[in-house]
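Reader: I would like to learn how to read a protein structure, one feature at a time. Could you take me through an example?

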Amino acid sequence: MSVLPAEVLFLRRLLRFLRPYWPLVVLAIFFSLLASLTSGGIAWMVKPVMDRVFLSRNYAYLRLLPPAILLFFSLRGVASLLQAYFMRKASLSMVNDLRALLFRKLVHLPLLRFEEEGSGRNLSRVLNDTLVIEPVLSTVFQVFLLEGFNVLVLTGVALSRSPGLTLLSLVVLPGIAYGGQHLARRVRRHRRRAQQTIGELTHHLTETFQGLREIKLYGRTEGVLRLFRRGIDRYAELLLKITKYREGSKSLVDVMTGVGGALIVAAGSYLIARGEITPGTFFSVLTAILMLFTPIRKLARSYTGLSDARAAWERLEEILRLPEETGGRLPAPDLREGIRLEGVSFRYPEAEDWALRDIELEIPAGKVTALVGPSGAGKSTLAALLPRFFDPTEGRLFWDGMDLRELDLSSLREHIGLVSQEIVVFNATVAENIALGRPGASRREIEEAARLANAHEFIVRLPQGYDTLLGEGGLSLSGGQKQRLAIARALLRNPSLLILDEATSHLDPLSEKLVQEALSRLMQGRTTLVIAHRLSTIRHADKIVVLEGGRKVAEGAHEELLASCELYRQLYRLFEPSSVS
């Protein structure tokens, strides 16, 4: 059965991942060959048994048949079991390596590219696409090894007995090959569509669960359910077509087996009648050929499975080919002079407008710099440039006079702490969530950070204190408690640069007071960039930068801006009306 070059290349790429497990593969090959030899031995024995025992009426040899049959089939069963075990072990290890590589790739993608792909689609590729490939790397490789050897051994047995009969029966193979390739192409095309559909469904589910409150509030549950039902029906329809084409390859081989068997019986009967072959030779060839079509059927089905997995692999390769975020080689020093932005502009992919345009800015070390402006002014985008979540489209950023692109990424980010409005709480203990700021910190250091963040009192009231498992999203914690955990993380990290992105938004007065106290401790003597819409929280900042439409329109102290900047006065009146006389 011929194999398309595309499938050969696909197998070669997959086999790269098998290299660390070659001893297991060698064992699998050995036991595959042993199992195939026993199959050939069974077909080979038909001639002497038929001619020397039954036709010659030499029944004394019959007593040897039961132990011989038991030996052949037992050996074949044990060899097949060991072949399957070793190949499965190697392939499962290989799939896990592939999953780990894919997950690592996604984690190291530039943030913009990751967000373009969508978390639901990325989740689908890590889990669903690798689930499609897994049976190929185990079952299909097993079939190719075992049944491939079976085809070779049984063909050799049949040819040795009667080349003419054997070649006559194999005229159906081109039909099997052509039909198998045609069905495989259809399987691959529909699998690609199915994987795309399941990725969209996963993305839809992620969005639905994230926005479940809004969906319930605005009465959109039925609409969401209709969309989901439409998606799963489409997915089921595609899977049904895949099943039809995959099983079609099996049915094709069954039909061709009947054709080949009929040809052998017709030709063999003619040759026996003319005395050109013995009945033993005829039945030996017939047994070998009928046994041969079973592995051919399995190979044809596995070939369509190979094309099925190739579609999933192509989606994985789209991710594996993406460039990872890169940094320089220089270690980032503690921030002593400050950060400088020179002509910095930034535009999101496929966006028409610039998020930032021609920003010239100094962020002095050890001082508090605040960014203010209406929604969409570019405040959070500017802050995201500092840890290099994004790189500027134009212009450069400098850390103590060193271009940010020349600094090692890990080293740079070790000097940066972030407390934002949306706090991520992981499904881990309280202590582990705080230690995210500095893995390996001692319990004493974790508790000290929690005390400074005004978090210790509520933590010790939790069921297991610092060992309490917070669960997915930390749903049992209030917004203020999550904020204080984030502050404890930042305190434990002790960063050179602290970014506060609307860290006190949507808090009740008591929580805000506790958070503000903790933030004051965290900001003390530290370079801090504050993004806030409540201007009372930043009126004492050393420098306030006013942004509008992605441009810097003014900078200065609070009182100075109140006197000179109309936009700042408008924002102050809007958000702090009680402070305006």
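**Reading the structure step by step**

Author: The protein exposes about 29,100 Å², of which carbon and sulfur atoms supply 58%; accessible areas come from the Shrake-Rupley method with a 1.4 Å probe, and for residues only the protein chains shown count as cover. This is a predicted model, in which local features need pLDDT of at least 70 and side-chain atom pairs count only at pLDDT 80 or more, while totals for chains, interfaces and linings use all residues. Residues are numbered from 1 along each chain as its sequence is written, and side-chain values use heavy atoms, with hydrogens and water left out.

Reader: How many helices and strands are there in the protein?

Author: Helices (H or I, at least four residues) and strands (E, at least two) are DSSP runs, numbered from the N terminus. The protein has 19 helices and 10 strands.

Reader: In what order do the six strands of the open sheet stand?

Author: Strands of a sheet pair through backbone hydrogen bonds, either parallel or antiparallel. Two strands are taken to pair if DSSP finds at least two bridges between them. Here six strands form an open sheet with mixed pairing, in the order β6-β7-β8-β3-β9-β10. Because β6 (416-420) and β10 (551-556) stand at the edges with a single partner strand each, one side of each is left without a neighbour in the sheet. β6 pairs with β7 (residues 497-501) in the parallel sense over five bridges, and Val-419 stands opposite Leu-500 in β7.

Reader: Which residues of helix α14 are buried?

Author: An α-helix has 3.6 residues a turn, so residues three or four places apart point the same way. Buried means under 20% relative accessible area, exposed over 50%, and partly exposed in between (1.4 Å probe, protein chains only). In α14 (residues 443-452) the buried residues are Ile-446, Ala-449 and Ala-450. Seen down the axis of α14, these residues fall within an arc of 100°, so they line one face of the helix; the arc is that of the directions from the helix axis to the C-beta atoms.

Reader: How are the rings of Phe-30 and Phe-31 placed?

Author: A pair of aromatic rings is described by the distance of the centres and the angle of the planes. Rings of Phe, Tyr and Trp (its six-membered ring) pair if their centres lie within 6.5 Å, and planes under 30 degrees apart count as stacked, over 60 as edge-to-face and the rest as tilted. The structure holds seven aromatic pairs. The centres of Phe-30 and Phe-31 are 5.1 Å apart and their planes at 75°, so this pair is edge-to-face.
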